[in-house]
Amino acid sequence: EIGFTPVFFSAGDYVHALVPISIDLPYSGSYTFTLTCGEVTQDIRIGVNNKKFNSQTHEFSPATVTTYRSQKAQADFDSVTAQYLNAQYEDLYWLNSGVMLEPVADRQVKTGFGLHITLSANQTTYRHEGVNYVVRTNDTAIATYGGKVIYVGELTLSGLTVIVDHGGGLKSLYAHLGASSVVVGDVVEQGQTIGTVGQSGFTEGTNLHYGLYCFGVPVCPYCKFTATAPR
């Protein structure tokens, strides 16, 4: 019903599966999962709250839109990041990490998750698949969970970008950075600095775009997801 079959990962005496609920999924109050192991079958019902997504108009200059948010820039971003966001890594770094942190300390949300964004320069509209934060020059971006750095690179759309794998299909993406403090292969702890906010890519002014993905599906970071192993 949700267009996704859960993938299970072993950790100790348990198996775990993260399930993405897409912003494009038609609303239904709940979904039922039927799990079978050997001769045992169990139904688990997951409730989903309805959400109305607002709209914003962004006043980017025509030159900025043409250069940094062209169809090619978007296609390049999708092509490069998909191979990392869709990958399945088994190390469950998020397990027992506790409450997910904000990627910047004591900062307000500027553009929220799932909003319908219209660019005044060309009247195109798209969904915002992450969160933009109000930041100051030299603010640091931190890892919201522990994990392994799987991508550090410069893309036209997102600028200097870092992707951290948290295991079990969960990834976080940090865009528009001014500098990176990590390299591919680094294992970072929750709260560790991964870079400095900046103005790279499709942004006017200092910015941090943070995205949370589950098996390549952008999901809402506001859930304050708490990772705790069963006892």
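Modeller: Two strands are said to pair if DSSP finds at least two bridges between them. The model is a predicted one, and in it T34 has D43 of strand 4 as its bridge partner.

Biologist: Why is I46 called partly exposed?

Modeller: Buried requires under 20% relative accessible area and exposed over 50%. The value for I46 is 29%, so the residue is partly exposed. I46 belongs to strand 4 (residues 40–47). Beyond its neighbours within four places in sequence, I46 contacts G29, S30, Y31 and F33. The C-alpha atoms of I46 and F33 are 7.8 Å apart, with 13 residues separating the two in sequence.

Biologist: How do you know that the length of helix 2 agrees with its number of residues?

Modeller: At 1.5 Å a residue, the 15 residues of helix 2 (residues 71–85) should span 21 Å; the end C-alpha atoms are 20 Å apart, which agrees.

Biologist: Why are the buried residues of helix 2 said to line one face?

Modeller: The buried residues are A73, F77, T81 and L85. Viewed down the helix axis, they fall within an arc of 75°, so they line one face of helix 2. On the other side, Q71, K72, S79 and Q83 are exposed.

Notes: Residues numbered from 1 in each chain as written. Predicted model: local features only at pLDDT ≥ 70, side-chain atom pairs only at ≥ 80, totals over all residues. Heavy atoms only, no water. Helix = DSSP H or I, 4+ residues; strand = E, 2+ residues; numbered from the N terminus. Expected span 1.5 Å × (residues − 1). Buried < 20%, exposed > 50% of the residue type's maximum accessible area, 1.4 Å probe, protein only. Arc of directions from axis to C-beta. Contact = heavy atoms within 4.5 Å.
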